[in-house]
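Please work through each task before reading its solution.

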Amino acid sequence: MPDELLERLRRFQTDAFPLQRSLFKHLVDEGQHPLTLFIGCSDSRLVPYLLTGAGPGELFLVRNVGAFIPPYDQSQGFHGTAAAIEFAVLNLQVRRIIVCGHTHCGAIRALYGDVPAAAQNLARWLDLGREAALPVAEPGPEVLRRTEQRAIVLQLERLMDYPMVRHQVDAGRITLHGWHYVIEDGEIHVFDVDRGRFVPAAEADNAGTGPYQRFTDADELDYSGVPLMPGDD
Ligand SMILES: [Zn+2]
C-alpha cells in the first residue's frame, strides 16, 4: 500500500521547499522574529496561514481545543498554552496577540453536552469556556454562535491577567485581537471593544480589539527583517 503521507513529505522537499529555500535560510540564520502570537482552536478547518496570508516565520502558533487560555496563576507549570504566551511576550516580543475561535466549534458544542468518561483532561479543559455558555439545554445555531463569541471575549479577559501581557498592552506595545472565523463565509468577525460586538472584517475599521495601534509596513519590515517574497533577500 502506498504511504500517502510519505509521498507528501517527499513532494514538499522536492517541489515546495526549493521555492522558499532562501526564506528558510534567512529564518535559520537570523532566527525567528514573528510579530504575531496566534492562539487558535485546533479545528482542522481553521487554517491561520491561509486566513492571514502569512508565510514562514510570521506566526507564533498555539492551537488547542476551543482556543482557550488557562488562568495565569493556576496553571502549575505544566501548561503549554500558558508557557507559549509567556515565551511569545517575553522572549519573542510579539506585537499582537490573536485569539481565534470559529463557527461550528466542537469545544463550544461540548459545553452543552457530556464528554466521554475517559476524557478527564478534556472535561477539565472545557471548564475554561463554561462561563461563556448560555442557560439553555438544547442550543440552536444562534446560541452556539453567541457562545463561541462570548468564549473569545472571555479568553481575552483571561489573557489580560497575564502580567507581562497587561504590561505590554498598557504600554501600547501589544494589541489584542478577538476573532471569530465564520468557516462557511471565509470571513473573520473582529471583536470591537468600543461597539461591544463582533464586526465582519468587511465592515471593521481595523483588525484589533483594542487598544489598537496601526503598524506601518515600514515598522513591520524593520522589526522582522524577513524578506516578503522568496528569494527577496
Ligand atoms: Zn473549535
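**Exercise 1.** Is His-102 buried or exposed?

*Solution.* The model is a predicted one. Step 1: the relative accessible area of His-102 is 1%. Step 2: a residue counts as buried under 20%. His-102 is therefore buried.

**Exercise 2.** Determine which residues coordinate the zinc ion, and how these donor residues are spaced in sequence.

*Solution.* Step 1: the donor atoms are SG of Cys-41, NE2 of His-102 and SG of Cys-105, at 2.0 to 2.3 Å from the zinc ion. Step 2: along the sequence, the donor residues follow the spacing C-x60-H-x2-C. Step 3: Cys-105, one of these donors, has a relative accessible area of 5% and is therefore buried.

**Exercise 3.** Identify the residues of the negatively charged surface patch, and classify Glu-131 by accessibility.

*Solution.* Step 1: the patch of negative charge brings together Asp-73, Glu-131, Glu-157 and Asp-161. Step 2: Glu-131 lies in the loop that runs between helix H6 (120-125) and helix H7 (141-159). Step 3: the relative accessibility of Glu-131 is 61%, so Glu-131 counts as exposed.

**Exercise 4.** Identify the residues of the nonpolar surface patch, and place Leu-6 in its secondary-structure element.

*Solution.* Step 1: the nonpolar patch consists of Leu-5, Leu-6 and Leu-9, which together have about 290 Å² of accessible area. Step 2: Leu-6 belongs to helix H1 (residues 4-16). Step 3: with a relative accessible area of 33%, Leu-6 is partly exposed.

Note on methods:
Residues numbered from 1 in each chain as written. Predicted model: local features only at pLDDT ≥ 70, side-chain atom pairs only at ≥ 80, totals over all residues. Heavy atoms only, no water. Patch = residues over 30% accessible without salt bridge, like charges linked within 9 Å, V, L, I, M, F, W, Y side chains within 5 Å. Areas by Shrake-Rupley, 256 points an atom, 1.4 Å probe, with all protein chains shown as cover. Salt bridge = Lys/Arg side-chain N within 4 Å of Asp/Glu carboxyl O. Lys, Arg positive; Asp, Glu negative; His and termini not counted. Charge placed at Lys NZ, Arg CZ, Asp CG, Glu CD. Helix = DSSP H or I, 4+ residues; strand = E, 2+ residues; numbered from the N terminus. Buried < 20%, exposed > 50% of the residue type's maximum accessible area, 1.4 Å probe, protein only. Donors = N, O, S within 2.8 Å, 3.2 Å for Na, K, Ca; no water.
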